[in-house]
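The points below are grouped by topic.

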Amino acid sequence: MSSVRGVAIVGTGSAVPERVLTNDDLAKMVDTNDEWIRTRTGICERRIADANTATSDLCVLAAKRAIADAGISPGELDLIIVATVTPDMMFPATACLVQDRIGATKAGAFDLSAGCSGFLYGLATGSQFIAAGLYEKVLVIGAETLSKITDWEDRSTCVLFGDGAGAVVLQSAPAGAGVLSVHLGAAGSGGDLLTLPAGGSRRPTTAETVAKREHYIHMSGNEVFKFAVKVMGEASLKALEKCNKTKEDIDFLIPHQANIRIIEAAVKRLNLSPDKVYINLDRYGNTSAASVPVALDEAVKAGKVKKGDVVLLVAFGAGLTWGASVIEWSKG
Ligand code: UT7
């Protein structure tokens with residue numbers, strides 16, 4: 001990004017529901033087993049929101065933690081972006097519910113939909129408002145309660161997903177530090193590989209769509225897998241190229257946590273040693289738009305990401321979409 005103003009992440013926060021659903025629990029619900037899930041995906045357990053918890057509830061927790069970490073007050077925020085495919089409802093936007101509940105009275109607020117790449121899209125969007133000089137402080141949240149749109153009778157998808165939220169506060173910084181590049185992409189031709197078919201204007205919800213279980217996630221796992229392996233490496237290299245860095249410059253990788261085999265393929269392509277990669281997939285499964293910001297928050301809090309580190313974030317998801325960003329970590 002050749003902007004006059006730099007953009008830095010000055011606070012991070014995350015939240016996951018308390019309830020743990022293990023692979024053994026799932027084996028009692030569908031025809032699966034711990035060994036299959038572990039070896040094919042790397043997932044051991046995931047967090048599931050209770051009946052009274054919606055996406056905005058997790059957003060509020062993560063947002064409050066990120067705001068406290070940034071040392072600012074909610075009233076200072078200029079904008080709130082929530083990346084999600086599981087908003088509380090079709091409208092109003094979940095970002096508006098969050099704006100009200102955290103008391104960010106002067107902030108604009110909107111939702112953004114880019115599947116599991118949503119946080120990267122949100123980061124890119126929020127950064128531009130600051131780089132352009134329009135805003136000073138932007139809250140970007142990636143949050144999902146995928147458990148609410150998961151078909152718990154479909155073993156090919158229900159073992160994969162979990163709920164959570166991650167948030168970052170963006171603020172202006174000296175040019176040349178902070179967010180060094182963003183790269184976004186889409187291949188809408190592959191949209192039907194990962195979709196929630198009913199409930200929108202194309203197929204409004206009816207008794208028939210519910211009977212056909214079209215209000216749940218439908219996925220061609222194998223096709224998405226092949227796409228993901230290809231695009232994770234490519235998007236990473238594009239983002240590095242945009243800020244004149246190479247894979248040798250990467251100090252730490254925060255990949256979308258979808259499948260350990262997809263992450264391993266990206267790590268191999270980028271020639272990284274395993275200790276430079278953050279993995280929490282085993283504990284949370286795939287939390288879609290929440291995956292990267294939750295992992296980032298945990299990595300930062302665990303002291304794995306240090307001031308001056310070149311951090312690469314990369315994700316892929318429904319759309320199909322992908323996104324990557326190179327950040328020079330500036331928070332001490
Ligand atoms: O963030 C974006 C979201 N999506 C993804 O990241 C998904 C990417 N894809 C994947 O991670 C993998 O494709 C999966 C984990 C979903 C599936 O792994 P796979 O190695 O591609 O397996 P497969 O779909 O080719 O299925 C292999 C076998 C099939 O049985 P047959 O036809 O070989 O007899 C499936 O029916 O495994 C069977 N299977 C299961 N067996 C036990 C599928 N799901 C399960 C299950 N437990 N949960």
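Across the interface of domain 1 and domain 2, the rule finds two salt bridges, a salt bridge being a side-chain nitrogen of Lys or Arg within 4 Å of a carboxyl oxygen of Asp or Glu. The model is predicted: local features need pLDDT of at least 70 and side-chain atom pairs count only at pLDDT 80 or more, while totals for chains, interfaces and linings use all residues. Residues are numbered from 1 along each chain as its sequence is written, and side-chain values use heavy atoms, with hydrogens and water left out.

**Domains and their interface**

- The protein chain is divided into domain 1 (6-176) and domain 2 (180-328), with bounds that come from an automatic or database domain assignment.
- Taken over C-alpha atoms, the centres of domain 1 and domain 2 are 14 Å apart.
- Contact (heavy atoms within 4.5 Å) involves 49 residues of domain 1 and 47 residues of domain 2.
- Between them the two domains bury about 3,600 Å², with 64% of it on carbon and sulfur atoms; buried area is the accessible area (1.4 Å probe) that two parts lose on being put together, summed over both.
- C116, L120 and Y121 supply 18% of the area that domain 1 buries against domain 2, more than any other three residues.

**Polar contacts and the domain 1 side**

- By class, the side of domain 1 that touches domain 2 has 22 nonpolar, 18 polar and nine charged residues. Ala, Val, Leu, Ile, Met, Phe, Trp, Tyr, Cys and Pro count as nonpolar, Asp, Glu, Lys and Arg as charged, and the others, Gly among them, as polar.

**Salt bridges**

- Side chains of opposite charge can pair when their charged atoms come close.
- A search of the whole structure finds 15 salt bridges.
- R155 pairs with D31 in a salt bridge, with the closest N and O atoms 3.7 Å apart. This pair links distant parts of the chain: R155 is in helix α6 and D31 in the loop between α1 (23-27) and α2, 124 residues apart.
- In the salt bridge of R213 with D151, the closest N and O atoms are 2.9 Å apart.

**Ligand surroundings**

- The ligand is surrounded by 22 residues, of which the closest are T32, R40, C116, H256 and N259; a residue is near if one of its heavy atoms lies within 4 Å.
- An N or O atom in the side chain of R40 is 2.8 Å from an oxygen atom of the ligand.
- For N259, the corresponding side-chain distance to a ligand oxygen atom is 2.8 Å.
- For R261, the distance is 3.1 Å.

**Backbone**

- Most residues other than glycine have a negative phi, and most peptide bonds are trans.
- The peptide bond from F91 to P92 is cis, with omega near 0°; P92 is found in the loop between β4 (79-83) and α4 (94-102).
- The peptide bond from G319 to L320 is cis, with omega near -5°.
- N244 is not a glycine, yet has a positive phi of about 55°.

Notes. A polar contact is a pair of N or O atoms within 3.5 Å; within protein, one must be able to donate a hydrogen and the other to accept it, and residues adjacent in sequence count only if both atoms are side-chain atoms. Helices (H or I, at least four residues) and strands (E, at least two) are DSSP runs, numbered from the N terminus.
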